[in-house]
Amino acid sequence: MNRCNLAKPCSVNGCTRSHHPLLHKSECAQIEAEKTSNNVNMVSREHSANINTHIATGASTMFRILPVVLHSGHGSVSTYAFIDDGSSLTLIDEELLKQLNVRGTPQPLCLRWTGDTHRYENEPVVADLTISAISGHRQFALKGVRSVKKLRLPTQSLDADKLRLRFKHLKGLPLQSYSNVTPQLLIGLNNAALGSPIKSLYGGENDPIAERSKLGWTLKGLMPKAGTDPIHYVYHTCD
């Protein structure tokens with residue numbers, strides 16, 4: 001075999017051999033693979049993992065919700081009221097006013113919440129009603145009640161028998177049981193006398209507080225779940 005004297009040095013990466021430059025392809029690929037592997041190892045060493053842990057306390061919040069009866073003329077309707085010291089207005093689902101055959105005085109309404117959140121009601125009415133406890137006969141004035149399409153208040157349940165057995169300060173208390181109810185009446189500070197506590201009963205630091213108003217007994221505050229330990233949710237995030 002005769003040697004070809006016309007072959008030029010390949011000159012790839014300073015190579016002086018007389019062969020085609022493509023012969024360096026596999027070698028370059030190996031070098032690049034080693035570089036990539038080194039870079040990955042370097043990134044792994046330089047970056048750390050963040051571990052975030054969320055702990056659920058196993059407790060729910062009780063709102064001051066109780067059964068009541070609304071009256072107007074010769075009509076009446078049973079519902080659930082939400083006593084809210086953070087509201088300047090008393091609000092009602094317009095459906096209840098229709099059931100009572102109450103028309104009221106039309107008055108547009110703009111509701112404002114935290115973060116300057118607004119909600120406009122274009123067809124509300126203002127009416128005066130009377131209200132009584134679910135088990136009482138005495139009626140009280142409920143003035144300046146404004147209708148809204150839907151209040152969308154929290155749904156809540158209360159098992160009075162279990163609570164009286166569980167918490168000593170609730171023993172013998174005439175609490176009313178209810179299950180998965182959504183209040184359709186919110187009693188605000190323009191009717192503060194109806195929701196103001198006449199008597200309060202306290203248990204432990206994290207036990208629910210019982211309060212009696214003209215409309216009956218309510219509970220508020222934390223409601224620890226019996227026999228449950230905190231649940232831990234762990235999330236791993238790598239940057």
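These legends accompany an overview and close-up views of aromatic pairs in a predicted model.

**Figure 1. The whole chain, for orientation.** Welcome to the overview: the chain has four helices and 17 strands. Of its 239 residues, 32% count as buried. Among contacts with a separation of 6 or more, 60% come from residues 24 or more positions apart. The chain exposes about 16000 Å², and carbon and sulfur atoms supply 52% of that area.

**Figure 2. Close-up of Phe63 and Phe82, a tilted pair.** The count of aromatic pairs comes to two, and here is one of them. The ring centres of Phe63 and Phe82 are 5.4 Å apart and the planes meet at 35°, so the pair is tilted, given that planes under 30 degrees apart count as stacked and those over 60 as edge-to-face. Phe63 sits in the loop between β2 (59-62) and β3 (65-72), while Phe82 belongs to strand β4 (residues 75-83), so the pair ties together parts 19 residues apart in sequence. Phe63 is partly exposed, at 33% relative accessibility, whereas Phe82 is buried at 8%.

Figure 3. With a relative accessibility of 23%, Tyr80 counts as partly exposed.

Definitions and conventions: Residues are numbered from 1 along each chain as its sequence is written. This is a predicted model: local features need pLDDT of at least 70, side-chain atom pairs count only at pLDDT 80 or more; totals for chains, interfaces and linings use all residues. Side-chain values use heavy atoms; hydrogens and water are left out. Rings of Phe, Tyr and Trp (its six-membered ring) pair if their centres lie within 6.5 Å; planes under 30 degrees apart count as stacked, over 60 as edge-to-face and the rest as tilted. Helices (H or I, at least four residues) and strands (E, at least two) are DSSP runs, numbered from the N terminus. Buried means under 20% relative accessible area, exposed over 50%, partly exposed in between (1.4 Å probe, protein chains only). Contact means heavy atoms within 4.5 Å. Accessible areas come from the Shrake-Rupley method with a 1.4 Å probe; for residues, only the protein chains shown count as cover.
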